[in-house]
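Have the sequence and the 3D view ready, and take a pencil. Try each exercise before you read its solution.

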Amino acid sequence: MLHRRAKGKTKWKGHSRTLGASDFPSRALLPTVRRAGLSVAWAATKLAGMKRSFSAEEPELMDQPQPVTRELEIDLENLRKINRYFGSHSLLRPFLRRWFEPGRTFRVLDLCTASGDLPRMMIDWARSRGIALKIDAVEMNASILEIARRRSAAYPEINFIHADALHFAESLTYDLVHCSLALHHFSEENATRLLRHMRELSHDKVLASDLERSAVTQLSVWLLTACVFREPMTRHDGRLSARRAFSFWEFAQLADAAGWENFEHRRFFPARQAMWMSVREEAPVVEVASPALDFAT
Ligand SMILES: C[S@@+](CC[C@H](N)C(=O)[O-])C[C@H]1O[C@@H](n2cnc3c(N)ncnc32)[C@H](O)[C@@H]1O
């Protein structure tokens, strides 16, 4: 039986029965309910379609010049965990499987490498299959580079280079030019320049991946940095990254503006997107079925 209480609240007591019109809020409440519903819908729409907010005056904390600190080390450790368990490894593996094979040495360039965990992951993957990779890993922040070098002592295949990715120059082109989780650090103009530069530096494959800006991404990053990766630098940079990431449509627009042709573009779980192309030939069809579930290999 449904009892109406003095303050207008309701509670269930006893067995259920069919609800009648008298069980619903009075008509007087309907405008308030409708207004509240519209406000929620408006907020959700705003959040989902929110414009990218980027200001060069407000760099991520990790991008600021700084000595090697405990905070920076922890932040990079968090990034390594995020890469391992939240998408970067599973996104990358199908491309490695498709593009590399034993028989010769492949030259790879990783731009904006941070502590170099993705190059190390690539080398681990290649070593276990008898595939030879040589990787140049470019990073602009000297302290981050110092941490990357220290962590990569057992990886002579990786050559760390202190440079701005936008101006990095090398006489030989690469089999693969890769850039992950970094385009959101740039203005639209510089992100376009970076994509164009990636293409110039490659004689074969180019792969750019990043977060996709959406309400779901913002909520997921907010929750992840509220519950798991709670350190101030990770929380600040993670949430800023989610706001600065490009939407799916904007990401493709950048590639168009950078002169990428016949590129492929798709979403990857969770909250990621990637674009890739072949400079040398028609863009090949890359089988990347369910890569997000590929945590085990
Ligand atoms: C969020 S981290 C991503 C690192 C790594 N690629 C990954 O996927 O984990 C972005 C990195 O890009 C670096 N970075 C930002 N702007 C850069 C630039 N213009 N040239 C080189 N590195 C840059 C930052 O210092 C930072 O280490």
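This is a predicted model: local features need pLDDT of at least 70, side-chain atom pairs count only at pLDDT 80 or more; totals for chains, interfaces and linings use all residues.

Residues are numbered from 1 along each chain as its sequence is written.

**Exercise 1.** Find how many helices and strands the chain has, and what share of its residues is buried.

*Solution.* Start with the DSSP runs: helices are H or I with at least four residues, strands are E with at least two, numbered from the N terminus. Next, call a residue buried if 20 or more other C-beta atoms, placed from the backbone, lie within 10 Å of its own. Of the 297 residues, 36% are buried.

**Exercise 2.** Work out the strand order of the open sheet and explain why S5 and S8 stand at the edges.

*Solution.* Strands pair if DSSP finds at least two bridges between them. Now look inside: S6 (residues 174–180) and S7 (residues 202–211) run parallel over six bridges, and Val177 has Val206 in S7 as its bridge partner.

**Exercise 3.** Which residues are closest to the ligand, and how many surround it?

*Solution.* Count residues whose C-beta atom, placed from the backbone, lies within 6 Å of the ligand. There are 21, the closest being Cys112, Ala114, Met140, Ala165 and Ser180. Helix H2 (70–85) and strand S4 (132–139) each supply at least two residues of this shell.

Conventions. A residue is buried if 20 or more other C-beta atoms lie within 10 Å of its own, exposed if 12 or fewer, and partly exposed in between; C-beta atoms are placed from the backbone. A residue is near a molecule or strand if its C-beta atom, placed from the backbone, lies within 6 Å of it.
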